[in-house]
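Work through the two exercises below with the sequence and the coordinates at hand. Each task is followed by a solution in steps.

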Amino acid sequence: MAAESSGKVVFELEGVFAHPSGDEEDTEEDFLVCGSLRIVEKDADIMMEFTPLEDSVDPSHILCAAKDSSSVMEWVQCGNQRPGERGQWPLESQQSYETEWDLINAASFKKKACVAGQGSVAGGHEQSGRFFSVSLSQLAAVTLRDGCCRHRKTPALVFALKGSSSLPSLHFHQGGSKELLDSLMGVATLSKCAEDESRLLISSPNKVLSQSFENLEDDNNFGLVHKLRKDPYVTTLGRFSKVTNYIFDAFKGTEEQHQRPPEEVANLLGEIIPGLEINQQEEPGFEVVTRVDLGTRPQVSRSAPVSADMWNGHQDQDGRLMHIARLQESIFRGGLCHAVRKEAWKFLLGYFPWNSTLDERKSLRRSKTDEYFRMKLQWKSVSEEQERRNSRLRDYKSLIEKDVNRTDRSNQFYEGIDNPGLVLLHDILMTYCMYDFDLGYVQGMSDLLSPIVFVMENEVDAFWCFVCFMEHMHQNFEEQMQGMKTQLIQLSTLLRLLDPSFCSYLESQDSGYLYFCFRWLLIRFKREFSFHNILRLWEVMWTGLPCQNFHLLLCCAILDSEKSKIMEEKFGFNEILKHVNELSMKLDVEEILQKGESIWLQINKCQGLPQSVINILALESKPRDRCDSSTESAAAAPPVAGALHRGDRACANSNGHLRAMDSQHLSKVAFMS
């Protein structure tokens, strides 16, 4: 193995070619060494390292994109050329329906890292064979030159060391030189050389000044912020630009204040969610909920996922789905097996009409494909001059590129450099900016798109499914965050009905506003469950069953599971935040779904519910007889069949209103994100 670098990786790029010889005129591939280039922070220093591949590039080791770029799974190995043979590049055997969008230069190399010198010299540089590692403090300048790749000009960079020596020239046949320089600008100062326009002078950062800022963060005055910045909760919140400034500022108080006065807590939530008016005399904007006897909470059980045979059995000879309500109930009960998700999610999200035939869906996909690529062409064809004069587009693009490179990278589907899945994430989010330019891109949207791309494996289908999802999540990301304000108020109302004593305890610890649930609501539990569990959770919620705003009952289910620990151990403000954060990736999705449905059954059978609760869950407001509270009857019978089947004729939107649907609009499945 090559000498591995411990530390934070600032930049990494494979497919970089180094010229090991001193003769810079010979820049053909036979004289170049392919490898990976990294910038790494370690040992209080910043290093640039090049690690070559053991073998020279062989065309039989290149994986080329085939068919269309919309599928990240359709790859073929192109080994038609003999090693060392030069000629034309291999041609794709099939044409895509949008050939101009085929992935270009989408190649990865099978490689083994060569053995190199172990470690590196801090503050100096090391070259062992074709491997080198050099501190940025030893770099004096970088010069841009023209290299050659198959008789075409490609950029090359030559780094000069302090003194008279220089590193091997680096050639970027597959691009990446600009990204390297951009990364260097983040950790060093680059300035133009007056004598040579192609030369940039490199000044390393002041390590003493940098260290002083690091030490400042350790000061006790930072208290809770210093601890929480190490946790994924605040780290995730830090990704959401509309929340970051408020939440960090709010948490910078000292830990000496165990109890906060009501006006301070009101200001805290007001800062986290701008525009939320809080009445400090009464409850914060909530209806006064009197104690209601909810009766015994029934027990429910989950079922097996809907299989491919079951899904196909619900289609007639024309491909039209039959017994839709029963199928939706089965999905709610057990979710879907993965083989069915690619097709079923299109119906659940509203991309495909539930009553459409196979031919109608094919026609819809063709028209949606044309519409998608027309929008994609809008940002693809923007020139550099145009982009310089469009600050909003520049900002969207920069934010998307930053977020895509850190979205679900631990997932095998998105790991590695030049991953085609990341290309799809980027392109879909950029095209969404053209679809909804008023909203554009807000941090957190990449989290919602990632599972959809994973399931669809197709650019066009993933885009339109994402559009449908965003129709219901749109208010979460708007400037005024009205969706988040409404949901926090609704969640508090439901929790007050279910467990007044727990609500009172949270209020006594300045946590009654439930702002620790903010991340749950903002990106629909995306970071609370494992990647594969979130697929199950989302598809169950997308059925719109058993009621409107079911995701709020899932929040109540999680809090109900944790209330004993919180109250028995007398957690305060800081401890509650920390505890809720540490629940991430430890929750059982089936257990939470089961408890959430039980809570709904418990509420639904009650008389005398407050009108606010009826509105939140879209329950029948007419008087009802109390249901039998025995667990046996609840488990034996499906919960309120009428409510389960309401998706046939109505659709719940994110504001809690029901709208009637005619037979031509059954595509809008009852959806509650």
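The exercises concern a predicted model, and they treat a helix pair and then a strand with its neighbours.

**Exercise 1.** Determine how helix α17 and helix α20 are oriented to each other, and list the residues that meet.

*Solution.* 
Step 1. Take α17 as residues 500-508 and α20 as residues 550-568; their axes lie 11 Å apart and form an angle of about 55 degrees.
Step 2. Angles under 35 degrees count as roughly parallel, and those from 65 to 115 as roughly perpendicular. The two helices are therefore oblique to each other.
Step 3. The crossing of α17 past α20 is left-handed.
Step 4. On the α17 side the contact is made by S501, F502 and Y505, and on the α20 side by L559, K563, I566 and M567.
Step 5. Sorted by class, this contact of α17 with α20 comprises five nonpolar residues, one polar and one charged.

**Exercise 2.** Decide whether strand β3 is enclosed or open, and identify the strands that pair with β3.

*Solution.* 
Step 1. Strand β3 covers residues 45-52, and eight of its eight residues are buried, so the strand is largely enclosed by the rest of the structure.
Step 2. Strand β2 (residues 33-42) pairs with β3 in the antiparallel sense, over eight bridges. Here V40 is opposite M47 of β3.
Step 3. Strand β8 (residues 131-135) also pairs with β3 in the antiparallel sense, over four bridges. The bridge partner of M48 in β8 is V134.

Methods:
Residues numbered from 1 in each chain as written. Predicted model: local features only at pLDDT ≥ 70, side-chain atom pairs only at ≥ 80, totals over all residues. Heavy atoms only, no water. Axes fitted to C-alpha atoms, helices over the stretch in contact; angles between N-to-C directions. Parallel < 35°, antiparallel > 145°, perpendicular 65-115°, else oblique. Left-handed = near helix turned anticlockwise from the far one by under 90°. Contact = heavy atoms within 4.5 Å. Nonpolar A, V, L, I, M, F, W, Y, C, P; charged D, E, K, R; others polar. Buried < 20%, exposed > 50% of the residue type's maximum accessible area, 1.4 Å probe, protein only. Pairing = 2+ DSSP bridges.
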